[in-house]
Amino acid sequence: MKNGVVIVGAGHAGVQAAASLREEGYDGPVILLGDEKELPYHKPPLSKTFIKDVAAQPQPLRGETFYTGHSIDFRPGSLVESIDVPARRLALAGGEDLAYDHLILATGSRPRILPLPGTDLAGVLSLRSVADARAIREHSAGCEDVVVIGGGFIGLEIAATLAAGGRRVTVVEALDRLLGRAVAPLIAEHVRKRLEASGIRILLKTTIERIEGDNGHVSGALTSAGERLPAKMVIIGIGVVPNVELAQAADLAIANGIRVDQQMRSSAAEIFAIGDNASYRHWQTGGDVRLESVQNATDQAKLAARTIVGRGSDYGAVPWFWSDIGDMKLQMVGLTAGSDRQMLSGDPADNRFSVYHFIGERLVAIESVNRPADHMLGRKMLGLGFSPTPEQVAGGAEALKAALAALPAA
Ligand SMILES: Cc1cc2nc3c(=O)[nH]c(=O)nc-3n(C[C@H](O)[C@H](O)[C@H](O)COP(=O)(O)OP(=O)(O)OC[C@H]3O[C@@H](n4cnc5c(N)ncnc54)[C@H](O)[C@@H]3O)c2cc1C
């Protein structure tokens, strides 16, 4: 009797892994354990629409009948507490223990904590789960002023969504630019100007010294410049940390995430890690990365399933990501690490442009604002290892399509 595959974490990666095992023809037991009580849901809409629409419901990753229909034993509200690697068993909160042949750790990540006085006040929130999103929605109903700490993707999405819902929002960012080092300076600057024009106040090179309260509820935040920002809600969006504790306690190798090889195997051959919690050597840059995106979670899940059924190949998916910030759809494909030449296509004044990144002549990434065609072509070009000439980039989507069409068939 097979013990089958046990998957810990029922988010984007875990659910895809369960689905892919069945698609790959795996016929043993598949047990999907998630500590949340919800039917697994899409996370990206939480910061983009859910928090401003009181009627919005979570969008399920798969319909309720999917799990039973594919003989996937989905167990919500199941928190895994420890793994016994030599015995191939794991223990759940509540005392149950389960045996596995293969274990997939898809435990994701959680918001980084800001060690500041006042973070325990009611109304100080962060966003990862639908429960967090509901709390933000409830608190924002009765508040005019919001402070968002952190000018990364999630912080800015939340800021833009709440501002569109009529809140006065101030974003406080420690660095001298938005979006950290994640995008080209031109894009970070464009986003800043556009958000400011929409009424959001942005304080760069500023930190929060403490969060102040009144009767246990947040009332404001004091900046490093000595300004007191009134706020009935403070949202902390300063990045995430991978959930590696289970793996760490089981002595699996950890390095900014659970260390995996090119087929998603951890340092124990029958244990896999996928999604936000996995760190690996990237095929494009040769450097170690841990990516936080739906694409990364999905593609790694598919590969882990293929590896388990004996059809694994080296991970080679082209990384891509999107973020909707106000009226800007940002789309990134490839990795900009090491980029030594950038080329602009389109005009930021139109709120539609792309930045192409090259290392020498080689295309390594494209970052787009409201130019979905560039992004889709970028996925194709990077997938094929094709690098356009400056003339082709300048010629826009039509010239790039023509260049791709002229490639000899593989
Ligand atoms: C608000 C928000 C907006 C986002 N927007 C975008 C976007 O626009 N584009 C994009 O590409 N990405 C976006 N992301 C990132 C994307 O959602 C993540 O990269 C993706 O969810 C990673 O999938 P995962 O399965 O690794 O982790 P998750 O989806 O976080 O799933 C992990 C699950 O494991 C559970 N878990 C953890 N430990 C245990 C345990 N011990 N026992 C049982 N269960 C456990 C967690 O509770 C969670 O349910 C966004 C994320 C958030 C939070």
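In what sense do strand E13 and strand E14 pair, and over how many bridges? The views below take up that pairing and then the ligand site.

This is a predicted model, in which local features need pLDDT of at least 70 and side-chain atom pairs count only at pLDDT 80 or more, while totals for chains, interfaces and linings use all residues. Residues are numbered from 1 along each chain as its sequence is written.

View 1. Strand E13 (residues 208-214) runs antiparallel to strand E14 (residues 217-223), and six bridges pair them. Strands here are DSSP runs (E, at least two residues) and helices are runs of H or I with at least four, numbered from the N terminus; two strands pair if DSSP finds at least two bridges between them. Look for Asp 214 opposite His 217 in E14. Two residues separate the strands of this hairpin, and Asn 215 in the turn has a positive phi of about 55 degrees.

**View 2. The E14–E15 hairpin.** E14 also pairs with strand E15 (residues 228-230), in the antiparallel sense over three bridges. Here Ala 221 faces you as the residue opposite Leu 229 in E15. Four residues lie between these strands, with Gly 226 in the turn at a positive phi of about 90 degrees.

**View 3. The shell around the ligand.** The ligand is surrounded by 36 residues, the closest being Gly 9, Gly 11, Ala 13, Gly 108 and Gly 275; a residue is near a molecule if its C-beta atom, placed from the backbone, lies within 6 Å of it. Helix H1 (12-23), helix H2 (44-48), helix H8 (294-308) and strand E22 (320-325) each supply at least two shell residues.
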